[in-house]
Amino acid sequence: MENVTVIAEAGANHNRDWSVAVKLIKAAVRAKCDIVKFQTYSSEKLYSKSTPDFAGYTNINKLIKDIELPREWQKDLKLCCDDLGIEFMSTPFDEQAVDELYEIGVKRFKIAGFESTDPRIVRYAASTKLPLIITAGIGVDLRTIEEIYSWVKEENPDADITFLHGNNAYPTPFEDINLGQIQEIKKLNLPIKVGLSDHTLGILAPPLAVALGASTIEKHYTLDRTMPGPDHPFAIEPDELSEMIKNIRTAESCLGIKKSKTTASEENFLKATRSVVSSKLILKGEVISADNITTKRPFLDNCVSAKKFYEVQNCYVAKNDIKEDQIINWDDIARVVS
């Protein structure tokens with residue numbers, strides 16, 4: 001299988017501190033992630049000024065203002081990623097963000113779960129003709145995925161689309177992650193790739209998703225979960241990010257299809273299988289039968305495999321005396337000519 005693409009979601013965890021943003025990029029590089037992703041939004045364009053308090057958040061406009069990415073950083077963040085050998089991404093939340101990111105040369109766009117049901121932002125990003133990664137999050141069922149797919153295809157018939165199954169609770173309880181949805185999306189038989197945007201605590205869900213066919217994993221990370229800000233508490237820290245990548249790569253390596261009877265690692269253990277063995281003394285010329293053979297370990301070169309136990313009965317005779325409990329070789333018996 002192709003390598004799973006891992007997106008390290010820095011999001012707003014830079015805390016508007018350039019040095020923290022750079023450290024986040026370096027942590028993603030050390031962990032061997034494929035992409036590091038930020039988010040480009042402004043409070044004025046994201047939330048209405050009349051937004052009430054909800055989900056435990058008060059004064060949401062101020063919260064967003066305090067964590068929004070300084071847009072003048074975007075070009076330099078990309079240059080930093082280029083220098084360190086990792087792809088730069090940032091999720092656009094408005095048309096201006098799409099334009100700015102396109103101008104600095106991003107390779108693809110990500111549509112967040114809360115925005116994926118908004119045809120305005122989906123269509124605008126699709127119109128750039130760049131590959132799209134779209135989180136099928138809150139309010140999105142299989143029928144909605146097909147609808148979003150049609151929006152994209154109307155703007156770009158040749159679109160490269162990845163849908164990420166996701167749950168938009170932060171954090172997501174394990175009983176609500178519903179990883180089986182990955183396989184349900186694949187059953188739609190659309191020309192898309194499927195992955196996971198994971199907001200569960202810890203690093204268990206991503207390798208499980210890979211085992212279910214996810215080709216892209218997105219995971220929030222932070223330098224320190226105790227840092228101030230709304231996205232730090234549920235994010236994983238650099239050591240966990242590295243461990244997650246290792247587990248994903250291990251999951252990939254487990255998904256091969258056995259193409260031969262014996263793998264290279266099994267070769268030394270072939271001897272632990274069974275052979276045909278004499279259960280008593282068999283005299284020269286005596287017919288091999290259920291009365292004088294059994295099966296035991298080991299299996300040696302040129303011996304009669306246990307698989308042939310029934311085939312040799314009453315069809316072969318002993319060419320020489322065969323001692324009791326002797327592993328029988330093909331050289332020890334001769335086929336009866338009828």
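**Exercise 1.** In which loop is P171 found?

*Solution.* The model used in these exercises is predicted. Start with the elements on either side of the residue: P171 lies in the loop between strand 6 (161–166) and helix 8 (174–177). The peptide bond from Y170 to P171 is cis, and its omega is near 0°. Then turn to the ring of Y170. Ring pairs link Y170 with F114 and F234 into a cluster.

**Exercise 2.** Describe the peptide bond between R297 and P298, and place P298 in the chain.

*Solution.* Begin with the angle: omega is about 5° for the bond that joins R297 and P298, and this bond is cis. As background, most peptide bonds are trans. For the place, P298 sits in the loop between strand 10 (293–296) and helix 12 (309–312).

**Exercise 3.** Examine the backbone of N302 and N189, and state how accessible each residue is.

*Solution.* Take N302 to begin with. N302 is found in the loop between strand 10 and helix 12. Its phi is positive, about 70°, although N302 is not a glycine. Most residues other than glycine have a negative phi. The relative accessibility of N302 is 40%, so N302 counts as partly exposed.

Now take N189. N189 is placed in the loop between helix 9 (181–186) and strand 7 (193–198). Phi of N189 is near 60°, a positive value in a residue other than glycine. With 69% relative accessibility, N189 counts as exposed, since exposed means over 50%.

**Exercise 4.** Classify the ring pair of Y41 and F93, and say which parts of the chain the pair links.

*Solution.* A pair of aromatic rings is described by the distance of the centres and the angle of the planes. The structure holds eight aromatic pairs. For Y41 and F93, the ring centres are 5.3 Å apart and the planes stand at 85°, so the pair is edge-to-face. The cut-off used in this step is an angle over 60 degrees. To find what is linked, locate each residue: Y41 is in the loop between strand 2 (35–40) and helix 2 (43–46), while F93 is in the loop between strand 3 (87–92) and helix 5. The two residues are 52 residues apart, and the pair links distant parts of the chain. Both Y41 and F93 are buried.

**Exercise 5.** Classify the ring pair of F309 and Y310, then decide for each residue: buried or exposed?

*Solution.* The ring centres of F309 and Y310 are 5.0 Å apart, with 75° between the planes, and the pair is edge-to-face. For accessibility, F309 has 16% and therefore counts as buried. Y310 has 67% relative accessibility and therefore counts as exposed.

**Exercise 6.** How are helix 5 and helix 6 oriented to each other, and which residues make their contact?

*Solution.* Begin with the axes. Those of helix 5 (residues 95–104) and helix 6 (residues 119–126) come within 10 Å and cross at roughly 20°. Helix 5 and helix 6 are therefore roughly parallel to each other, as angles under 35 degrees are classed this way. The crossing of helix 5 with helix 6 is right-handed. Helix 5 contributes E95, V98 and D99 to the contact, and helix 6 contributes R120, I121, Y124 and A125. By type, the residues of this contact are four nonpolar, no polar and three charged.

**Exercise 7.** Which word describes the orientation of helix 6 and helix 7, and what kinds of residue make up their contact?

*Solution.* The axes of helix 6 and helix 7 (residues 142–155) come within 8 Å and cross at roughly 40°. The two helices are therefore oblique to each other. Helix 6 passes helix 7 in a right-handed crossing. On the side of helix 6, the contact is made by P119, V122, R123 and A126; on the side of helix 7, by I148, W151, V152, E154 and E155. The contact of helix 6 with helix 7 divides into six nonpolar, no polar and three charged residues.

Notes: Residues are numbered from 1 along each chain as its sequence is written. This is a predicted model: local features need pLDDT of at least 70, side-chain atom pairs count only at pLDDT 80 or more; totals for chains, interfaces and linings use all residues. Side-chain values use heavy atoms; hydrogens and water are left out. Axes are lines fitted to C-alpha atoms, for helices over the stretch in contact, and angles run from 0 to 180 degrees between N-to-C directions. Helices (H or I, at least four residues) and strands (E, at least two) are DSSP runs, numbered from the N terminus. Angles under 35 degrees count as roughly parallel, over 145 as roughly antiparallel, 65 to 115 as roughly perpendicular and the rest as oblique. A crossing is left-handed if the near helix is turned anticlockwise from the far one by less than a right angle, and right-handed if clockwise. Contact means heavy atoms within 4.5 Å. Ala, Val, Leu, Ile, Met, Phe, Trp, Tyr, Cys and Pro count as nonpolar, Asp, Glu, Lys and Arg as charged, and the others, Gly among them, as polar. Rings of Phe, Tyr and Trp (its six-membered ring) pair if their centres lie within 6.5 Å; planes under 30 degrees apart count as stacked, over 60 as edge-to-face and the rest as tilted. Buried means under 20% relative accessible area, exposed over 50%, partly exposed in between (1.4 Å probe, protein chains only).
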